[in-house]
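Q: I am new to this structure, and I would like to learn how to read it step by step. Could you guide me through it?

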Amino acid sequence: MVFVFIFLFLIIYFFHKLLRSQFFNSNKNESFLQQIPGPFNFPIIGGVYLLDRNNLHLSFDKLYKKYGKIFSIKFGVVNTVVLNEPDIIFEAFHKNANFFSDRYMLPSINILSGNGSNIAFSNGEYWKKIRSEFSSLITKSKNKNLETEFNKHYFNFENFLSGYIKKNDTIYIKPFIMTYTFNVVYGLIFNESVEYEQELIPKEISDFIQSLFDVLKETTLCPDYLPFLIYFKNYDHLKEMTKKMIANVNPKIKKILNEMDESNPKTLLENLIVSIKNDKDNILKIEHLDHIVVDLILAGMETTGGVIEWMVLNLTNNIDIQNKLYKELLSNNFLSYPSINEASNYPYFNACVKETMRRSPIASMGPPRLCTKDIEIGGYIIPKGTQIFSNLYSYSFSEKFHKDPFLFKPERFIECPNTPILIFNLGSRQCPAKGMAESEIFAFGTKLFKKFLFTSPNDQVIDDKPLFHVSLTPKKWLVKITER
Ligand code: HEM
């Protein structure tokens, strides 16, 4: 049996070598990629045998430790380069933004994004225009409602939580945090929200998020990269979930289109509609709104909610730090709550947020980009057409950048406030809502940690090993909550 296996392996190995020498030696892309450090790639499956789809972040981390800040690997049939440290991500995505701004379009991404008609998975002139419209609508100066919205939703959350813990002080807090972040984006878009007592977020949306996670989790073992798998696994489920999600938002969008006053747009969606209608170049299209809205709900809810959940968990596990933060919140503003414009007066709060983003990076990797020109990055040529991943996880836990990386120590950001944070990624495609998300977390967290004390229900340290769904989320955990 062993001999048969070795024999088969040798045949595949030499066949692969032969193919390379016959067909690929002349192929400059292959020879450029071979210069970049990286593991052995088998024919057809490439380096997929090294990627654990339940822990892709850990697989990338292992490869980073072995090969350094840039490595190449074949995701099945797709040539891929992974960038692992802030300076090399910056060199590619910021200094050479023109050649790294497009997404690598995979079949599953095409389905999710309505053939690239949303923001996160669009390309070219359309992407530039829609991103710039969205970015300008969510800046503080243009959207004066942001803080009012954050506060309105926070106080609904607080009232609900205060009532709830009178009956049961030990709770699974995640769904309530997600309802808060869902309400913020839903409110900005539709001026609607859901009640905490009710069925949390609409079922079509939670189902879609779940199926999206399932698909993304299968990244390494899906027909996107291994086309022969299409005979075993198709995209029907994803198509069905996408359809349901669109069916949830489409009637609301139509109603707004029929009823809104275009001379006085109020919500983010109404403002986008006006921008689209005023687009003289006719690049933006009303029919793309369905996918844009779905994109914003997904992008805005899980990420911000995830950071808040991790912050509560980290502070539950570090009660001294939670009490130190409480003192800062009391001493600066004893009676009321700070405005988002006063964020710089709360250095310890900001350090706790940054340390949460470092120690518990909700975004473990950026969505894939496409390299659109043969270009030298980090001393190696990355060929045009390569899929590029930025590994946002390894930096957080690298001794090279952070002493005692597994400790939760906000003080490191007081000592070195300019230490980079990677979870929004870098460059031209960095999260456009970074400022909004930071303000949302500030508005929520400064009130939450002043009002409530979070402790472990059984005095045991809460398990903080993350679950991988492309984002890194805590496993289901319970927390005991008392009013301060
Ligand atoms: C702490 C919260 C958040 C984190 C950690 C986060 C992280 C990210 C990351 C890593 C990307 C990919 C960037 C890249 O490819 O280089 C991204 C893109 C994006 N995010 Fe966020 N995000 C957050 C909050 C939000 C919110 C609140 C919204 C909207 C309401 C939002 C909207 C978007 C959009 C539209 C994109 C696509 C941008 C593009 O492709 O040009 N994000 N975000």
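The dialogue below takes up confidence, the nonpolar core and the surroundings of the ligand.

Q: Which element has the lowest mean pLDDT, and which the highest?
A: This is a predicted model, and pLDDT gives the predictor's confidence in each residue. The mean pLDDT of the protein is 88, with 89% of its residues reaching 70 or more. Among the elements, helix α1 (residues 2–24) has the lowest mean, 49, whereas strand β9 (residues 452–455) has the highest, 98. Over residues 21–26 the pLDDT is below 50, and this stretch has four contacts in the model beyond near neighbours in sequence.

Q: How many residues does the largest nonpolar core have, and which element gives the most to it?
A: In soluble globular proteins, nonpolar side chains tend to be buried together. Here the largest nonpolar core has 109 residues, and those with the most contacts inside it include Val185, Ile189, Val293, Ile297 and Phe444. Helix α12 gives the most to this core, with 14 residues. Leaving aside residues up to four places away in sequence, Ile189 touches Thr267, Leu268, Leu269, Val293 and Leu296.

Q: Which residues are closest to the ligand, and how is the shell around the ligand made up by class?
A: The ligand is surrounded by 25 residues, of which Gly300, Thr303, Asn425, Cys431 and Ala433 are the closest. Two or more shell residues come from each of α12 (289–317) and α16 (434–451), and α12 supplies the largest share, seven residues. By class, 16 of the shell residues are nonpolar, six are polar and three are charged.

Terms used
Residues are numbered from 1 along each chain as its sequence is written. This is a predicted model: local features need pLDDT of at least 70, side-chain atom pairs count only at pLDDT 80 or more; totals for chains, interfaces and linings use all residues. pLDDT is the predictor's confidence in each residue, from 0 to 100. Helices (H or I, at least four residues) and strands (E, at least two) are DSSP runs, numbered from the N terminus. Two residues are in contact if their C-beta atoms, placed from the backbone, lie within 7 Å. A residue is near a molecule or strand if its C-beta atom, placed from the backbone, lies within 6 Å of it. Ala, Val, Leu, Ile, Met, Phe, Trp, Tyr, Cys and Pro count as nonpolar, Asp, Glu, Lys and Arg as charged, and the others, Gly among them, as polar. A nonpolar core is a set of buried Ala, Val, Leu, Ile, Met, Phe, Trp, Tyr and Cys residues joined through C-beta atoms within 7 Å. A residue is buried if 20 or more other C-beta atoms lie within 10 Å of its own, exposed if 12 or fewer, and partly exposed in between; C-beta atoms are placed from the backbone.
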